Amino acid sequence: MATIAFIGLGNMGGPMAANLFKAGHKVLGFDLVEASKATAKADGVGIADSAAASVKGADVVITMLPAGKHVVSVWTEIVSSIAKGATIIDCSTIDVDSARAAHTLASKAGLLSVDAPVSGGVGGAKGATLTFMCGGDARAFAAAKPVLEAMGKKIVHCGDPGAGQAAKICNNMILGISMIAVGEAFALAEKLGLSHQALFDVSSTSSGQCWALTSYCPVPGPVPASPANNGYKPGFASALMVKDLTLAQDAAKAAGAATPLGQHAQELYKAFDAAGHGGVDFSGIIQHVRAMAKS
Ligand code: NAD
């Protein structure tokens, strides 16, 4: 069993660190927020006085932070305190450039490093069923995999440093666009007098089938576990979808890729967020689509 430092004990990091402890690892954590530290402590995670103190003697260091600037700043602070040859893993969703800058910091300090953003949300973090999309060399991935397995059920090596973040933003761009498409189809069906269930029964077994429809249906009824049945409580908040679509747009501009629907999806979720719905599940975008209709 490994000695693991875990920095960023928020909605995702808290339960992920708790699962590492449950799997028998020694876990020492750190966060800036007292409440996050107290919850993690109650779950068996030891609490250090600082990020640098948490990594002393660690075989593996994990960060789960809001954005690229936090990751680069924390890694800059801690890399020299980590034992040479140890592994550092960032599980946050961040821009590809910051991910690569973090890898460079690690490699200069003699550490193995992996970018390993996740899919599966808070439910997946609590249930240890996350999917990890990993970027890094083969040695770093081999060192990270057994630890990630205590927090997830699918661990994919996507390629070189930054490839995990690239996979994450491409996947979430598909998700953001397809949820709008499904919402538009239900909004049109409503105007045409077609019931939600009838559209679902046809499209879920036809060429319109997709995850946004069959696992996360944006109208109440056809998929009982979807947030639409629970007042659009997240789930995955619209503000986080704006974040991921913005990362995709920034990456597309930097790489010279054309993503016209990704751009439009970002604009629609931004407008939904600006209207005060950032905390609403992203499937609630159907409400925005309905509101755009001429009555
Ligand atoms: P969160 O805000 O709940 O947690 C982030 C934590 O980082 C906070 O507790 C904050 O205090 C801590 N933090 C910030 N700066 C720090 C520093 N310098 N030192 C120590 N701690 C610091 O966010 P979250 O929902 O846990 O998301 C974390 C990451 O995971 C984000 O990048 C997010 O995009 C990604 N993600 C979230 C979800 C989700 O459903 N919540 C799903 C997939 C990916």
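The dialogue below takes up strands, core, surface, salt bridges and backbone in turn.

Q: What kind of model is this?

A: This is a predicted model.

Q: Which residues of strand β4 lie on one side and which on the other?

A: In a regular strand the side chains alternate between the two faces of the sheet. Strand β4 covers residues 60–63, with Val60 and Ile62 on one side and Val61 and Thr63 on the other. These four residues are all buried, and both faces of the strand are covered.

Q: Which strands pair with β4, and in what sense?

A: Strand β1 (residues 3–7) pairs with β4 in the parallel sense, over four bridges. Phenylalanine 6 has isoleucine 62 of β4 as its bridge partner. Strand β5 (residues 87–90) also pairs with β4 in the parallel sense, over four bridges. There, threonine 63 has aspartate 90 of β5 as its bridge partner. From β4 the chain passes through helix α4 (residues 68–78) to β5, a right-handed β-α-β crossover.

Q: How many residues are in the largest nonpolar core, and which have the most contacts inside it?

A: In soluble globular proteins, nonpolar side chains tend to be buried together. Here the largest nonpolar core has 34 residues. Those with the most contacts inside it are Met179, Phe186, Met241, Tyr269, Phe282 and Ile285. At least two core residues come from each of α8, α9, α10, α11, α12 (260–277) and α13 (285–291). The helix that gives the most is α8, with eight residues.

Q: Which residues form a nonpolar patch on the surface?

A: Leu188, Leu192 and Leu194 form such a patch, and together they have about 310 Å² of accessible area. Leucine 192 sits in the loop between α8 (163–191) and α9 (196–203). Leucine 192 counts as exposed because its relative accessible area of 65% is over the 50% cut-off.

Q: How many salt bridges does the structure hold, and where are they?

A: Side chains of opposite charge can pair when their charged atoms come close. The structure holds three salt bridges. In one of them, the side chains of glutamate 190 and arginine 290 meet at 2.8 Å, N to O. Glutamate 190 belongs to helix α8 and arginine 290 to helix α13, so this pair ties together parts that are 100 residues apart in sequence. Glutamate 190 is partly exposed at 29% relative accessibility, and arginine 290 is partly exposed at 31%.

Another salt bridge joins lysine 37 and glutamate 34, at 3.4 Å, N to O. Both residues lie in helix α2 (residues 34–42), three residues apart, about one turn of the helix. Lysine 37 is buried, with a relative accessible area of 14%, whereas glutamate 34 is exposed at 57%. Lysine 145 and glutamate 149 also form a salt bridge, with their closest N and O atoms 3.5 Å apart.

Q: Where is the cis peptide bond?

A: The cis peptide bond joins proline 234 and glycine 235, with omega about 15 degrees. Glycine 235 is in the loop between α10 (211–214) and α11 (238–255).

Q: Is tyrosine 232, with its positive phi, buried or exposed?

A: Tyrosine 232 has a phi of about 60 degrees although it is not a glycine. Tyrosine 232 lies in the loop between α10 and α11 and is buried, with a relative accessible area of 11%. Alanine 128 also has a positive phi, near 55 degrees. Alanine 128 is in the loop between α6 (121–127) and β8 (130–135), and counts as partly exposed at 23% relative accessibility.

Definitions and conventions. Residues numbered from 1 in each chain as written. Predicted model: local features only at pLDDT ≥ 70, side-chain atom pairs only at ≥ 80, totals over all residues. Heavy atoms only, no water. Patch = residues over 30% accessible without salt bridge, like charges linked within 9 Å, V, L, I, M, F, W, Y side chains within 5 Å. Areas by Shrake-Rupley, 256 points an atom, 1.4 Å probe, with all protein chains shown as cover. Salt bridge = Lys/Arg side-chain N within 4 Å of Asp/Glu carboxyl O. Buried < 20%, exposed > 50% of the residue type's maximum accessible area, 1.4 Å probe, protein only. Pairing = 2+ DSSP bridges. Right-handed = clockwise from strand over helix to strand, strands pointing away. Core = buried A, V, L, I, M, F, W, Y, C linked by side-chain atoms within 4.5 Å.
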